[in-house]
Amino acid sequence: MKILMLSATFPYPPTRGGTQVRTFNLLNYLRDRHQITLVTQNTPDVTPSEIAELRQKVAQLQVFPRLTPDAATGGLWGKIQRFTQFFREGTPPSVLAVFSPQMQNWITERVQEGEFDVITCEHSVNEIFVQPQWKNQVRTVVNIHSSVYATCQQQLETQTADNPLRDRLNLPLLKKYEQRYCAKFSHLVATTPEDQTSLQQLSPSSEISVIPNGVDLTLFPPRPQDPGGEKLVFIGAMDNTPNIDAVCFFSREVFPKLRQKYPEITLDLVGARPVPLVQELSQIPGVNVTGKVPSMVDYLHQATLCLVPMRTGFGIKNKTLEAMAAGIPVVGSDRGLEGLRVDGTGVPLAALRANTIPEYISAVARLLQDATLRAEISQNARQLIEEHYTWEQAGRRYEKVLRGISLE
């Protein structure tokens, strides 16, 4: 197939995390089997060598500059302008921020010339470049990652929204927006059954498949031995809103209580770009904010257990999959373990679940005190990843969706 992949986020190297991991690994699977044209955007943190390396992995790479927002749009007046535009035009500011007229013209010209068999949007923000009429001439697929409406609704319900007033105003607009853009595509892709359900309620006539994230097993080998000790770790980008909420909640409300019971216990918060709110957590005794590290897997292998105390955010979590692949026992919330069969009747125990402060304290204590339980969970978790959550498996499923073949 001749595939046009649209990704406003530059998807290389995949170690950047977030959407880059999913986009790059799906691209990497497809490139050996199909002709890939990747259209993406350049930001100041992307180096010429990274562009050159990515160019070697696709048939054609087209890179456009990310337009810099007008400084005049900052402050309260800028927020009012953005909301007014959202209300009037129906497209969120976060989507408008990636729009490039130059990129749009390049895409439109080649689609009209019939150069491609399939167009994929790697993350829903890229839908802005796809015209509704195109699905009459070419297969169009949007790889959504997570529902913006469901995420906003969830943050309001759990009282974890950054700006509740803004989000309450945005919620009905986001619902209409998601319904509208979903209708443009031949097929939608979600990462979890929960997100599939949310999207199906918004767009009942849409065809939606579930393709979970995966892990590169060579980058996350199982740890050679259990280090024991009382060392907790959280991994993830530290400028990501759900991650910020998770580490602030655990560090402030759970960890001090654990520290009373285990005076030597430590918590490493490992991830790039820690915002001031995260940096302040290092003032809590036992908490270490590392910033960017050379090897995430080294921190995982040295930890007794990994925490995924997410309270918001839909979709399967790369951080959970990577920890499980590395053989680190995981204590995670329902959000942190979303989309994964890790417990329940007839299911080998592959992680411990916790959502409240007492549940976290109990789950962490169980693992700290029971080496046999740690070994059992470690082995079951690695096996689960090997059997169901590799990028090769995700790539095969994605290829079927692009061909129009049912996954059932």
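Reader: How do you know that the radius of gyration of the protein chain agrees with that of a compact globule?

Author: In this predicted model, the protein chain has 408 residues, and a compact globule of that length would have a radius of gyration near 22 Å. The rule behind this estimate is 2.2 Å times the number of residues to the power 0.38. The protein chain has 22 Å, and therefore the two agree. Along its principal axes, the C-alpha trace spans about 65 × 50 × 45 Å.

Reader: What makes a residue count as buried, and what percentage of the protein chain does so?

Author: A residue is buried when its relative accessible area is under 20%. Of the 408 residues, 54% count as buried. The protein chain exposes about 18200 Å², of which carbon and sulfur atoms supply 50%.

Reader: Which residues of α15 are buried, and what phi does G404 take just after the helix?

Author: Buried residues of α15 include W391, Y398, V401 and L402. The charged residue E399 also counts as buried under the 20% cut-off. Just after α15, G404 takes a positive phi of about 85°.

Methods. Residues numbered from 1 in each chain as written. Predicted model: local features only at pLDDT ≥ 70, side-chain atom pairs only at ≥ 80, totals over all residues. Heavy atoms only, no water. Buried < 20%, exposed > 50% of the residue type's maximum accessible area, 1.4 Å probe, protein only. Areas by Shrake-Rupley, 256 points an atom, 1.4 Å probe, with all protein chains shown as cover. Helix = DSSP H or I, 4+ residues; strand = E, 2+ residues; numbered from the N terminus.
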